[in-house]
Amino acid sequence: MNGVLIIDKPAGMTSHDVVSRIRRIFHQKRVGHTGTLDPDATGVLPICLGQATRLAEYLTADDKVYAAKLAFGKATDTQDASGAVIEELPLPNISEEAFKAILASFLGPQLQIPPKYSAIKINGVPLYRLAREGKVTPDVKPRQITVHSISLTEYSPESAAFEACVSKGTYIRSLCADIGRAAGSCAHMTQLRRLASGRFTISEAVPLDILETADQPEGHILPMLDALSDYPQLMLSEESYAKIKHGSPIEINDKASMTETPIVAVYQDAVCAIGFATAGYFKPKKVFIQ
């Protein structure tokens, strides 16, 4: 089977745990996830099956939407509730309106320092592994991120909740910690739910337990063409398909060659290639044999 499953990941499982469950349900080895969620996080986790595992890079490049909750007054080494408390400060003494202004100050492009407990690799070793082994973790370079929107959904002197749309690579744990500092205290993330990953939303996500008890679980699989619906499409003739399936470029019109985004080549309502248009030619980068 080839396609994409949108899973509503439960808390207490790693993203790899979810992949293992999907392999058992569909009796299929070629399965992978896109956009890792921490074990305590829930929500949208796209899972690729079969040939769709080669689509991962095109499904993770989009923005993400999260609902998060933070607790003021305590900072942890992991920046979430699973870590050890490393600092305690008085709760912020500000109004809800003042806190909304603080959230608004995080809008736009900015540099963010990722947490030391993260999957970022230094010399091939994930930072979280170094941290768990008690080894000295090198300073992590700030990364460019963008907070497209952020809105307050709950506020008290002890905690706050918000929804945010952010660019790929944004750590909500670190955002919570930075918000706590900006409020004159410290904070750590207590809840995280991913509401959307690119075009995939929580409304179309299926819980694992529902999938496991479904009579026809394959009915929840999105075809590869549907999963790539945000990308421009190039409809192929039989002659063009014969060239593309062997990795050869084909001539296209000037209008199509103007785009710098990936293009999905389609033949008989199925994805046969993903590539780019250059100088009036479509050049396939990945070919999918039907």
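Reader: Which residues touch the most other members of the largest nonpolar core?

Author: This is a predicted model, in which local features need pLDDT of at least 70, side-chain atom pairs count only at pLDDT 80 or more, and totals for chains, interfaces and linings use all residues. Residues are numbered from 1 along each chain as its sequence is written, and side-chain values use heavy atoms, leaving out hydrogens and water. A nonpolar core is a set of buried Ala, Val, Leu, Ile, Met, Phe, Trp, Tyr and Cys residues joined through side-chain atoms within 4.5 Å, where buried means under 20% relative accessible area, exposed over 50% and partly exposed in between (1.4 Å probe, protein chains only). Among the 43 residues of the largest core, those touching the most other members are Ile-22, Ile-47, Phe-99, Phe-162 and Ile-172.

Reader: Is Asp-269 buried or exposed?

Author: Asp-269 is in the loop between strand 17 (263-267) and strand 18 (270-278); helices (H or I, at least four residues) and strands (E, at least two) are DSSP runs, numbered from the N terminus. Its phi is positive, near 60 degrees. With a relative accessible area of 64%, Asp-269 is exposed.
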